[in-house]
Amino acid sequence: MRVSVILTTASAAAWLRKVLWGYRVQSHQEFELIIADDGSGPEVALLLQAFRCQTRRQVVHVWQPRAGFRKCQILNQAIRAATGDYLIFSDGDCIPSRDFVATHVRLARPGLGMSGGCIRLPQGLSHGLTEQDIFCGRYQRPSWLWKNGLQSLPGLRKVTLAATGLGAWADGFTSTRATFNGHNASVWRTDALQVNGFDERMAYGGLDREFGERLQHAGVQFRQVRHQAICLHLFHTRPYATVDSWQNNQMIRNETRGSGRFWTPYGIEQVGRLDTGPRLVG
């Protein structure tokens, strides 16, 4: 099974660097890395070139010029560029646990998608995380995270359950519904194409959930793995979150739910579309 990991980023090279350290230490190394870049400057391209030289890993950089929040557009281009049968989605500000890719791959089944979890780190800990913290594995230790500023009890519980091998047990009892979460989810590429990818009318606010709802309408069932496949979400503000974007997205989601549709005409394939925006950088 060929695997593609798709990471979104937008002018956040410092956070992306930390995330790439996490992918260097994955226990499962058979995957291609696709960076879906919404308008970053040359610093991200330089970072990825250095990463390729250090790791000899295949990294595809899909880039589009910045014109507001256009995550759906760049994600669709990343799906088109992917060569993997199975797609793991995350963000360029989410550091994966060492078995992140391995867990998604191990649990993959036809007709299923995975709904993973994240632990949101405070600002100080996000800035303080070093390459050595990740390479030696202490970034996954509950006691170390606690000492370095993670005060969230649900987050610490999630890390502890994953570290002790009790994640599957906890996922079997959690009341949290399994949904497509853009920071940590996986689906088969054929399923993503069947629903025509992400709806490009959507800005920030629930765009990933709408994609997941259409996948479910197409017959994909999501499995809860939030205590098994985890990532550490680095702190950042969200200046692109607006009332208008939330309202527009909610209207589209209501339409999706009410109609039961799985295909969007505003996705990867569009009638009369001119693909002059996003391009492969490397």
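On a 1 Å grid over the protein atoms alone, a pocket is taken as an open set of points where a 1.4 Å probe fits, with protein on both sides within 12 Å along at least five of seven lines, and its lining residues are those with an atom within 4 Å of a point. The model is predicted, so that local features need pLDDT of at least 70 and side-chain atom pairs count only at pLDDT 80 or more, whereas totals for chains, interfaces and linings use all residues. Residues are numbered from 1 along each chain as its sequence is written, and side-chain values use heavy atoms, with hydrogens and water left out.

The largest pocket holds about 830 Å³ of space, a volume being the space filled by probe spheres set on grid points that are joined across faces, edges and corners. Its lining comprises 33 residues, and those nearest the centre of the pocket are Lys71, Asp91, Asp93, His236 and Tyr240. Strand E1 (3-9), helix H5 (123-128) and helix H11 (207-217) each contribute at least two residues to this lining, the largest share, three residues, coming from H11; helices (H or I, at least four residues) and strands (E, at least two) are DSSP runs numbered from the N terminus. By class, the lining of the largest pocket has ten nonpolar, 14 polar and nine charged residues, where Ala, Val, Leu, Ile, Met, Phe, Trp, Tyr, Cys and Pro count as nonpolar, Asp, Glu, Lys and Arg as charged, and the others, Gly among them, as polar.

The second largest pocket has a volume of about 180 Å³ and is lined by 14 residues, with Gly116, Asn181, His183, Arg209 and Arg226 nearest its centre. Strand E7 (residues 117-120) gives the most to this lining, with three residues, and the lining as a whole divides into one nonpolar, eight polar and five charged residues.

Helix H11 also packs against helix H12 (residues 243-259), their axes coming within 10 Å and crossing at roughly 5°; axes are lines fitted to C-alpha atoms, for helices over the stretch in contact, and angles run from 0 to 180 degrees between N-to-C directions. H11 is therefore roughly parallel to H12, a term used for angles under 35 degrees. In contact, meaning heavy atoms within 4.5 Å, Leu207, Arg209, Glu210, Glu213, Arg214 and His217 of H11 meet Asn249, Ile252, Arg253, Thr256 and Arg257 of H12. These residues divide into two nonpolar, three polar and six charged.

How values were computed: Angles under 35 degrees count as roughly parallel, over 145 as roughly antiparallel, 65 to 115 as roughly perpendicular and the rest as oblique.
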